[in-house]
Amino acid sequence: MYGNVKTAELVSLRIDGTEISVPSNTSVIEAAEAVGVLVPRYCYHPGIPSRPAQCRVCLVEIEGQPKLQPSCNISVQEGMVVHTASEEARSARRSVIELLLVNHPLDCPICDAAGQCMLQDYAFETRQLASRLNEEKLVMGRDRIAEDILYFADRCIICTRCVRFMREVAEDDALIVAQRGYRAYIDTFPGAVLDNPFRGNIVDVCPVGALVHEDFLFKARFWDLDQTASVCPSCSTGCNVTIDTVENQIVRLKPRHNSEVNSYWMCDHGRKHLIMSNRGLRPEAPLLRRDGKLVPTGWGEALTWVAERLREVSRGMAIVSPHAANESLFYFRTLLDRIGIAGGTFRVEQGEEAILPGFPKLQLRADRAPNASGAELHGFERFDGGAHSDPGGDAVAVLEDPLGELPDEWGREASFFLYVGNRLSPAARNAHAILPVTTFAEMEGTFTNFEGRVQRFHQALQPAGLARPAWLVLARLVSLLEDGGDGGVAAPTLASEAFQVMVRATPAMADLEWASVGLKGARLGSTEAAVPHAQAPAEGA
Amino acid sequence: MSRRIHPSVAGAQPFQLAERDPEAPLFESAEGQERLQAVLSRYPTKQAALLPLLGYANELHGWVSKQDMESIAERLDLTPAYVWSVASFYTMYNKHPIGRHFIQVCTNISCHLNGAQRVLKRFLEETGTRPGETSEDGRYTVIEAECLGACGFATAVQINDEYHENVTPERVSQILAGLDGNGS
Amino acid sequence: MAYPYRDDRETTTVLSRHMGEPEARTLSGWLERGGYEALGTALEMEPDEITEIVKESGLRGRGGAGFPTGMKWGFMPKENGRAHYLCCNADESEPGAFKDREIMRWTPHLMIEGCLIAARAIRAGHVYIYVRGEFFPVVRVLNQAVVEAYEAGYIGRSVLGSGWSCDITVHLGAGAYIAGEETGLMSSLMGGRAEPWMKPPFPAARGIFGAPTTVNNVETLASVPGIVANGSAWYRQWGSDESPGTKLWCCSGHLVKPGNYELELGVPLSEIIYDVCGGAPDGKRVRAVIPGGSSTPFLTADELDCETTYEGMQAAGSSLGTASPIVMDESTCLLSAMRRIAQFYAHESCGQCVQCREGTEWIAKILRRIEDGDGEMKDIDTLYDLCEQLTGRTICVLADSVVFPLRSSLDKFRDEYESHIQQDACTAT
Ligand SMILES: Cc1cc2nc3c(=O)[nH]c(=O)nc-3n(C[C@H](O)[C@H](O)[C@H](O)COP(=O)(O)O)c2cc1C
Ligand code: SF4
Ligand code: SF4
Ligand code: SF4
Ligand code: FES
Ligand code: FES
């Protein structure tokens with residue numbers, strides 16, 4: 001965020017009494033953040049290049065300047081002395097809030113942004129909620145900006161973040177300010193709607209509740225949401241996201257800043273795909289085939305039974321999913337090695353690509369899975385040719401591939417069919433044993449993205465029924481096969497332990513540490529892994 | 001409009017004319033092409049030709065339609081949305097068809113002091129319209145305007161591309177009669 | 001046709017000498033009157049010599065701010081070879097002002113000549129004349145003059161065979177006061193909304209199309225040929241040390257002889273209003289004057305004995321602005337006048353800055369409510385507070401512009417506000 005620290009020259013300045021040295025191309029608002037002072041801001045957004053300095057809420061006093069200066073637009077200078085909270089700066093800020101409330105409906109009780117609104121926040125801060133306005137407020141109504149996005153003009157404060165995101169980051173000049181002065185509003189070309197694949201970000205950058213996703217409308221209040229740091233599983237970019245849940249349901253995904261992966265952004269496919277794909281029948285307890293029928297059992301019995309059967313397997317095939325976590329793939333590989341199945345394949349669903357021109361690293365990639373790289377790293381091969389062939393009379397072990405589009409009788413002849421997964425497709429029902437495992441959202445673990453960045457995700461949901469993380473189930477099986485489960489080989493019980501076992505056993509991952517992967521991830525084979533990243537600036541949106 | 005226009009002024013033709021042809025093609029004509037090329041030749045960027053071309057659309061059609069904005073956007077490599085953003089900023093590009101006589105009465109301070117409100121009222125009465133509304137016969141649209149830069153000659157009224165100065169309520173009917181003589 | 005607004009006292013006519021003479025609009029008529037001689041002189045001078053003369057003359061910008069013109073030109077980079085631009089600001093939209101229009105419609109070649117000389121001084125190869133869109137009759141005259149000058153070789157490739165080339169393009173605005181503010185003008189000229197931008201970058205560093213640019217008012221540029229032809233001492237025979245020269249005065253409102261008069265800077269304002277313009281009609285008394293166009297502070301009838309120089313008007317608590325006194329007689333409801341002015345600024349705010357976008361509209365609403373008889377005494381405090389909030393905090397000074405007349409009217413005519421609020425009655429007679 002401060003540009004290239006090595007080439008920019010450092011300057012020292014004082015902000016609210018604290019000395020700091022920052023690169024000379026830092027703006028005052030950013031420098032203030034570095035000393036822990038969050039100057040209010042509306043038009044400024046760290047991910048949008050332009051600094052129009054138009055909302056005027058970030059005005060600060062700079063000694064020697066006759067007028068207050070917008071801290072977002074002014075670069076630091078050697079010896080500068082900044083007061084962000086002087087009487088005059090505070091009064092200017094208060095007045096901006098008051099003036100914004102002049103025509104603001106104050107419909108916080110029904111506004112989607114309540115609780116995460118930068119107008120509400122500052123209004124409380126400056127104690128301005130009671131507007132002095134005796135006049136009738138302007139009423140402008142709402143408008144459909146995109147198939148899935150509504151615009152509430154009355155709440156809009158014309159900060160133009162949304163317009164500038166589209167223009168400068170998406171490079172699709174399809175959202176604009178129409179009219180001027182107090183009649184100004186945000187608009188598309190008459191009759192058109194935004195169809196850009198990254199449009200959802202305009203909702204995130206909106207500092208108030210003027211832009212809302214229709215499918216989130218009235219679904220939940222901000223303060224009822226549980227938020228979990230995670231990684232988008234819908235393509236191989238692996239955008240860092242926050243998963244918002246209510247009562248164990250995912251209600252939305254929001255991008256989480258990572259300057260190496262997705263900046264402040266994510267694509268609309270990613271926003272929706274997880275929520276939509278999360279439906280379907282889940283196995284909720286281990287199922288074992290007894291007299292031709294799948295019968296639910298407890299984990300202890302199931303694992304012992306499966307371990308017994310696996311001892312008899314010598315030939316067979318393996319299928320994995322690129323949606324499985326690194327740790328699960330690792331333990332699956334370990335298990336396969338143990339029983340003597342080599343190789344194994346995975347299929348990656350393909351889709352159309354889309355690039356975010358203003359941050360070209362962020363692409364909705366053709367590989368619609370988060371961990372194809374991880375699967376490859378653990379010795380599985382990408383398989384592009386149509387459907388998986390029927391194992392015939394051999395054994396088959398499947399990790400998390402839903403076996404969705406296969407014929408109903410697929411695998412019926414197999415000598416042993418182990419299904420470790422979380423979907424009950426017709427083909428999966430042919431298994432001799434179905435071990436229910438969690439989806440990534442129900443567990444902790446890591447994915448490896450398209451460029452070999454290993455990223456952690458956290459548990460956002462309670463597992464369905466008795467489902468457990470695949471790595472846990474597989475590690476138990478391995479230890480049962482090793483020594484009958486007598487404790488000679490301890491199976492890990494924490495994701496961090498599974499991770500440590502994995503990196504120790506996987507040369508390509510040797511320099512990774514659980515802690516340094518942290519919230520920002522780490523690249524395989526780079527020293528970057530050792531450098532913890534600076535925390536992203538707190539972003540109100 | 002077949003006379004050749006010098007490129008230096010091609011983008012600056014008065015664009016509120018009494019005679020206009022709402023159906024005329026914007027650029028699919030020899031004149032249109034000539035105007036477009038002449039205007040483009042005067043600026044280092046295509047985008048700078050936007051105001052001149054919006055003016056041209058207004059001049060030709062009497063207003064700027066969605067279709068006009070789309071074809072201008074296409075010629076200048078801009079998005080239609082951008083063109084709409086700019087067009088809507090300025091008050092002189094009519095966003096709807098207007099009457100044959102577009103009557104703009106200045107009510108700003110100097111005219112205000114000299115009875116502009118009464119002049120406005122008289123125009124509305126005599127044309128039987130409300131502000132911004134076009135009379136049923138399509139003849140008149142009367143609006144209140146900001147300072148027309150003729151404050152010493154209050155009240156100033158602009159009708160299409162002509163100024164009428166020192167207008168008093170008493171002169172209104174005479175002015176309207178004069179329009180029907182030559183304007184329609 | 002005689003120019004109807006000449007002062008019948010002895011007066012200076014530097015800019016307005018040929019106003020009222022239709023033949024002066026044509027190139028031949030203009031040449032007969034000594035036109036383009038100054039251009040010939042300038043073509044023999046080095047750019048910096050021209051700038052130096054203008055600096056010495058003390059000419060100050062006539063667009064409202066009064067910035068010294070020679071100094072502004074001096075900010076332009078001195079190297080040749082890069083594109084430089086001159087914008088002639090002919091967007092004249094300040095309520096009360098109608099001087100640039102008189103220059104353009106009577107003596108367009110004077111302005112063209114000024115543009116060319118200025119362009120040479122600042123090493124510009126292209127001049128854009130940004131004319132406010134409503135000025136159709138003026139534009140017809142101007143366009144014809146530009147085309148004539150092109151055809152005769154005064155504009156274009158190798159001006160008058162000098163080897164120096166300069167183009168002029170006439171560009172029309174489309175109804176936006178803010179396009180007169182110099183950065184707003186540049187945004188508009190580049191095909192955008194006329195939204196002002198934060199300085200820096202200053203136009204001389206980065207103006208239109210990313211290139212060094214100077215923006216000058218029509219009257220400023222029209223003053224240049226005389227200075228170049230006759231020298232700076234000639235120009236300094238008029239006015240004061242800090243405000244030399246002559247100025248067009250746009251007199252409107254309640255006056256016997258409203259109109260446009262050229263006068264030496266420094267003539268007392270009272271003389272302009274009473275002697276030149278004959279005071280208020282029908283024997284009424286003058287109640288208030290906004291001396292420099294609607295964006296300047298009100299003066300009361302007792303404050304008119306001030307010198308009409310930049311410094312003199314400032315000392316009197318107002319400013320010269322565009323030298324456009326708007327005179328209000330004793331029958332004027334000042335509240336209603338102020339409301340109309342505020343309404344204008346609300347209508348013309350570009351809408352970027354919160355203070356300006358919301359504040360101008362709120363002010364207009366409060367004034368309208370008081371005018372409608374629903375005012376409260378606390379509205380006066382709110383208005384004062386808004387004056388505070390709209391001063392010095394926005395990108396451009398449009399927000400400050402409404403504060404000047406508003407605060408001064410509250411200070412000087414508080415009784416008018418109180419009477420409307422408490423008695424729903426006007427203090428006008
Ligand atoms: C809101 C606003 C409107 C303005 N309108 C005009 C105008 O119509 N014409 C003009 O010459 N200057 C206008 N100005 C002043 C210009 O910004 C600029 O100072 C001027 O054109 C510079 O020319 P000068 O130095 O020759 O005076 C305006 C300024 C503001 C803040
Ligand atoms: S919709 Fe939101 S982001 Fe866009 S201008 Fe309005 S307040 Fe700003
Ligand atoms: S680009 Fe890929 S990872 Fe990022 S949000 Fe879209 S689908 Fe998810
Ligand atoms: S002060 Fe007003 S006109 Fe000037 S930039 Fe700000 S909003 Fe626009
Ligand atoms: S955040 Fe600085 S002016 Fe808007
Ligand atoms: S106030 Fe009416 S023309 Fe200027």
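This is a predicted model: local features need pLDDT of at least 70, side-chain atom pairs count only at pLDDT 80 or more; totals for chains, interfaces and linings use all residues.
View 1. An oxygen atom of the ligand is 3.5 Å from a polar backbone atom of C:V215. A polar contact here is a pair of N or O atoms within 3.5 Å; within protein, one must be able to donate a hydrogen and the other to accept it, and residues adjacent in sequence count only if both atoms are side-chain atoms.

**View 2. The shell around ligand 1.** There are 19 residues around the ligand, and C:G63, C:K72, C:N216, C:N217 and C:T220 come nearest (near means that a heavy atom of the residue lies within 4 Å). Strand β4 of chain C (residues 213-217) gives the largest share, three residues; helices (H or I, at least four residues) and strands (E, at least two) are DSSP runs, numbered from the N terminus. By class, the shell holds five nonpolar, eight polar and six charged residues. For the classes, Ala, Val, Leu, Ile, Met, Phe, Trp, Tyr, Cys and Pro count as nonpolar, Asp, Glu, Lys and Arg as charged, and the others, Gly among them, as polar.

**View 3. Ligands 2 and 4, side by side for comparison.** Ligand 2 is surrounded by 14 residues, with A:C156, A:C159, A:T160, A:C162 and A:C206 the closest. Its shell has twelve nonpolar, one polar and one charged residues. Around ligand 4 there are 13 residues, of which C:C350, C:Q352, C:C353, C:C356 and C:C396 come nearest. That shell has nine nonpolar, four polar and no charged residues.

**View 4. Where chain B meets chain C.** The contact (heavy atoms within 4.5 Å) takes 50 residues from chain B and 65 from chain C. About 4,500 Å² is buried between chain B and chain C, with carbon and sulfur atoms giving 59%; buried area is the accessible area (1.4 Å probe) that two parts lose on being put together, summed over both. Five salt bridges cross this interface (a side-chain nitrogen of Lys or Arg within 4 Å of a carboxyl oxygen of Asp or Glu). One salt bridge joins the side chains of B:D161 and C:R140 at 2.2 Å, N to O.

**View 5. Where chain A meets chain B.** Here 14 residues of chain A are in contact with 13 residues of chain B. The two chains bury about 1,100 Å² between them, 64% of it on carbon and sulfur atoms. Between chain A and chain B there are zero salt bridges, but six residue pairs are in polar contact (both at pLDDT 80 or more).

Note on methods
Residues are numbered from 1 along each chain as its sequence is written. Chains are lettered from A and ligands numbered from 1 in the order in which they are written. Side-chain values use heavy atoms; hydrogens and water are left out.
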